[in-house]
Amino acid sequence: MTENHDGKQQGGVPGRQRKRFPGISSRAYEHPADRSALVALRKLTGFDTVFKALSGLLPERSLRLLYLSDSVRVSDAQFSHLNDMLRDACYILDLDRVPPMYVTQNPVPNAMCVGLDEPVIVLTTGLVELLDEEEMRAVIGHEVGHALSGHAVYRTVLLFLTNVALKVAWIPLGNVAVMAIVTALREWFRKSELSADRAGLLVGQDLRASMRGLMKLAGGNHLHEMNVDAFLAQADEYEKAGDLRDSVLKILNVLPRSHPFTTVRAAELKRWSESRDHQRLMDGHYPKRSEDKDASVSDSFRESAGHYAQTVRDSKDPLFKLVGDIAGGAGDLAGDLGGRLRTVFGGGAPKEPGKDTGGSTEGGSEKDAGGKPGEGPEA
């Protein structure tokens, strides 16, 4: 495949200039929670070998035959414009092999990437008919991102293991353990979808097209009746709306889902597109695939924990704000007790809150200057 420089439309390749990412590691675009899980899995010696051994227990061969017999395989002869987009996405993200892709008859707009031996991408006719070319480019980039991250392999096996676990849920306390596993897996799946959304943006490099695609998944093919900015405003309203009861309902609503809600995905993608990480990536500074073996598991988990902590601090959700306030109050209490203990063991009397005892700035001015933990200016 050759990069298009002449500004003309060539099949499924846009005429506008886009950047390519030679040797890019999926760690460059993965959500921190997704990345930490994948780095840990890749570090487990023999894990991929076990996956391959399990492939005989999975209905993968049957699935491939089913798509081959009852769907349309994308190629130069069939859905050639989709085939051009697929090869273009693999070129932008520098995949060595172009995964097979099928279009299957289903009015529900959907796409997926599954498989152990090699990933297979499947698009439904409902999706193909719903999206325009640039929106579809982002979706195909999304699925290629799943393939590059190895989501197809890990998700297929983990879903299989989850199904096995469900069959033994009759064991005492087994259901509790199974539901804990399922809940954790779904949380990872949701984060992997955010990772793939970022990959779709890297391929299409058209944020508005990515936004339109998500908006159509929510509201159908009535683009003239919808507005991206208003759609993003919905995400903001969803995040901060209601009281603690609504926060609990939001958690319960999302728990059974494998994908985040579409407004949330749109808002997350927009935030990432405006981040320093995205800008550095677009400037050519990103981790390479050749360095994946040296990735630190502990660093990845620290980054994931830091992301969740920052999410709680920045969230407008009533429950998260309460958690942040409690954490801040606990920090204040610990600081106050520590100051009193230092005063007692240092021979002085504890200082009353808000009073200056002799002009010392220790403790009092520090809080006046910085406020409560988490309420000071951002770094």
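Which side chains meet in a salt bridge at 3.6 Å, N to O?

## Overview

The structure described here is a predicted model. The protein contains 16 helices and 4 strands. Of its 379 residues, 40% count as buried. The protein exposes about 20,800 Å², and carbon and sulfur atoms supply 57% of this area.

Contacts can also be described by the separation of the two partners along the chain. Among contacts between residues at least 6 apart in sequence, 71% join residues at least 24 apart.

Helix α12 comprises residues 262-273. The opening question concerns Arg271 and Glu268, whose side chains meet in a salt bridge with an N to O distance of 3.6 Å. These two residues are 3 residues apart in helix α12, and therefore about one helical turn separates them. Arg271 is partly exposed, with a relative accessible area of 46%. Glu268 also counts as partly exposed, at 23% relative accessibility.

## Packing of α10 against α12

Two packed helices are described by the angle between their axes and the distance between the axes. For helix α10 (residues 228-240) and helix α12, the axes come within 8 Å and cross at roughly 105°. Angles of 65 to 115 degrees count as roughly perpendicular, and α10 and α12 are therefore roughly perpendicular to each other.

On the α10 side, the contact is made by Phe231, Leu232, Gln234, Ala235 and Tyr238. On the α12 side, it is made by Thr262, Thr263, Val264, Ala266, Ala267 and Lys270. Grouped by class, the contact has 7 nonpolar, 3 polar and 1 charged residues.

## Other salt bridges

The structure holds 14 salt bridges. One of them is formed by Asp132 and Arg212, whose closest N and O atoms are 3.2 Å apart. Asp132 lies in the loop between α5 (125-130) and α6 (133-149), while Arg212 lies in helix α9 (residues 207-219), so the pair ties together parts that are 80 residues apart in sequence. With a relative accessibility of 30%, Asp132 counts as partly exposed.

Salt bridges can also be joined into a network. Such a network links Arg18, Asp88, Glu133, Glu134 and Arg137.

## Residues with positive phi

Most residues other than glycine have a negative phi. Against this background, which value does phi take in Phe79? The angle is near 50°, a positive value in a residue other than glycine. Phe79 is found in the loop between β1 (72-73) and α4 (80-92). At 31% relative accessibility, Phe79 counts as partly exposed.

Asp94 is another residue of this kind: its phi is positive, at about 60°, although Asp94 is not a glycine. Asp94 is found in the loop between α4 and β2 (101-104).

Key: Residues are numbered from 1 along each chain as its sequence is written. This is a predicted model: local features need pLDDT of at least 70, side-chain atom pairs count only at pLDDT 80 or more; totals for chains, interfaces and linings use all residues. Side-chain values use heavy atoms; hydrogens and water are left out. Axes are lines fitted to C-alpha atoms, for helices over the stretch in contact, and angles run from 0 to 180 degrees between N-to-C directions. Angles under 35 degrees count as roughly parallel, over 145 as roughly antiparallel, 65 to 115 as roughly perpendicular and the rest as oblique. Contact means heavy atoms within 4.5 Å. Ala, Val, Leu, Ile, Met, Phe, Trp, Tyr, Cys and Pro count as nonpolar, Asp, Glu, Lys and Arg as charged, and the others, Gly among them, as polar. A salt bridge is a side-chain nitrogen of Lys or Arg within 4 Å of a carboxyl oxygen of Asp or Glu. Buried means under 20% relative accessible area, exposed over 50%, partly exposed in between (1.4 Å probe, protein chains only). Accessible areas come from the Shrake-Rupley method with a 1.4 Å probe; for residues, only the protein chains shown count as cover.
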